[in-house]
Amino acid sequence: MKRIGVLTSGGDSPGMNAAIRSVVRTAIFKGVEAVGIKRGYEGLINGDIKEMDMSSVGGIIHRGGTILGTARSEYFKTEEGFNKALNMLKIFKIDGLVVIGGDGSMKGAAKLNQAGVPAIVLPGTIDNDLGYTDFTIGFDTAVNTALSAIGKIRDTSSSHGRAMIIEVMGRNCGDIALYAGLAGGADAILVPEREIDIDFICQRLVVGKNRGKLHNIIILAEGAHITSDELTRQIAEKTGIECRVSVLGYIQRGGTPTASDIILASKLGCRAVELLLEGKVGRAVGIKGYDIVDIEINEALQMKDGLDDAMFDLALMLS
Ligand code: ADP
Ligand code: F6P
């Protein structure tokens, strides 16, 4: 293997830059050339590809976003787009590819691998919605960003004696809500994986109010089975407690990655290159406990990512 390409795809996540840095520098350290592919599969199709050296990944370890840019490419899903991508890999003499992204990006990489491209994927998404790995790159940063917001919102919640609904990201996965909710002492955590019992939540808010509790924090994952407006309306109607909504949105996707995300990204990036050089391809790299693991991509995609029930129950018990 003489030349490795790296791209970031799908929703960005803090730590992607540290992963790019690790892939590029590990490759160079091992005597292999590295190229960066811009804007995910879109840049691959268009041949938007540049040589990377030690200094092209200098000063990025602490930066959010991705220096390569990212995209969601519908064209890549078509036969024509896919064949163009394959052709570009040949033109640029890329012998191995590292894809950093979420489950969609992994599906694309699995197809490339099936077509004969030695590919490795790294889990880059804030959602932590991939069952084969305990944590994804960017999740820890997103949780800490949400936690910092919860602290500020709790202050104003106490001053006014209001219930505050804080909507966090997570289309199909309640992990950001659960981790930020437990760490932030939330009174209720609403996630896509669980049915919602509004009467139970309201009962708890009233019990809290009756014992003099001033702040009420409710964490709502964006994919949960109720909208923030509907939740606000029902809480106000059933408890008489004034309620406000804060949607955290894209602040969760940016910012300086935490040490934990940088370390994870660095370890996974290095392992991706090692696997390519060992000829062990078509693998998804992740972390299980303290171990860096790799598993066949399609198998990884099939592993369901359930909510941590014990953690959910603990959050409820402590609130
Ligand atoms: P994420 O990787 O964050 O889950 P997306 O689901 O948008 O984000 O996927 C990123 C890109 O991966 C898509 O825009 C598309 O180019 C590619 N992709 C997604 N699903 C597939 C698929 N089934 N086959 C081939 N490529 C796919
Ligand atoms: O997959 C990560 C994620 O941030 C989800 O939590 C969110 O629903 C989605 O991406 C938003 O995607 P977009 O960038 O297309 O608005």
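A: Ligand 2 is surrounded by Arg72, Ile126, Asp127, Met169, Gly170, Arg171, Glu222, Tyr250 and Arg253, where a residue counts if one of its heavy atoms lies within 4 Å of the molecule. This is a predicted model, in which local features need pLDDT of at least 70 and side-chain atom pairs count only at pLDDT 80 or more, whereas totals for chains, interfaces and linings use all residues. Residues are numbered from 1 along each chain as its sequence is written, chains are lettered from A and ligands numbered from 1 in the order in which they are written, and side-chain values use heavy atoms, with hydrogens and water left out.

By class, the shell around ligand 2 holds three nonpolar residues, one polar and five charged; here Ala, Val, Leu, Ile, Met, Phe, Trp, Tyr, Cys and Pro count as nonpolar, Asp, Glu, Lys and Arg as charged, and the others, Gly among them, as polar. Both domain 1 (3–138 + 257–302) and domain 2 (141–253) give residues to this shell, so ligand 2 lies between them; the domain bounds come from an automatic or database assignment.

Among the polar contacts (for a ligand, a pair of N or O atoms within 3.5 Å), a side-chain N or O atom of Asp127 is 2.7 Å from an oxygen atom of ligand 2. A polar backbone atom of Gly170 is 3.3 Å from an oxygen atom of the ligand, and for an N or O atom in the side chain of Arg171 the distance to a ligand oxygen is 3.3 Å. The protein covers 78% of the 400 Å² of accessible area that ligand 2 has on its own, with areas from the Shrake-Rupley method and a 1.4 Å probe.

Turning to ligand 1, 15 residues surround it, and the closest are Arg72, Ser73, Asp103, Ser105 and Lys111. Helix α4 (residues 103–114) gives the most to this shell, with six residues, a helix being a DSSP run of H or I with at least four residues. A polar side-chain atom of Arg72 lies 2.9 Å from an oxygen atom of ligand 1, while a backbone N or O atom of Ser73 lies 2.6 Å from a ligand oxygen.

Conventions:
Polar contact = N/O pair within 3.5 Å; in protein donor to acceptor, adjacent residues only side chain to side chain. Helix = DSSP H or I, 4+ residues; strand = E, 2+ residues; numbered from the N terminus.
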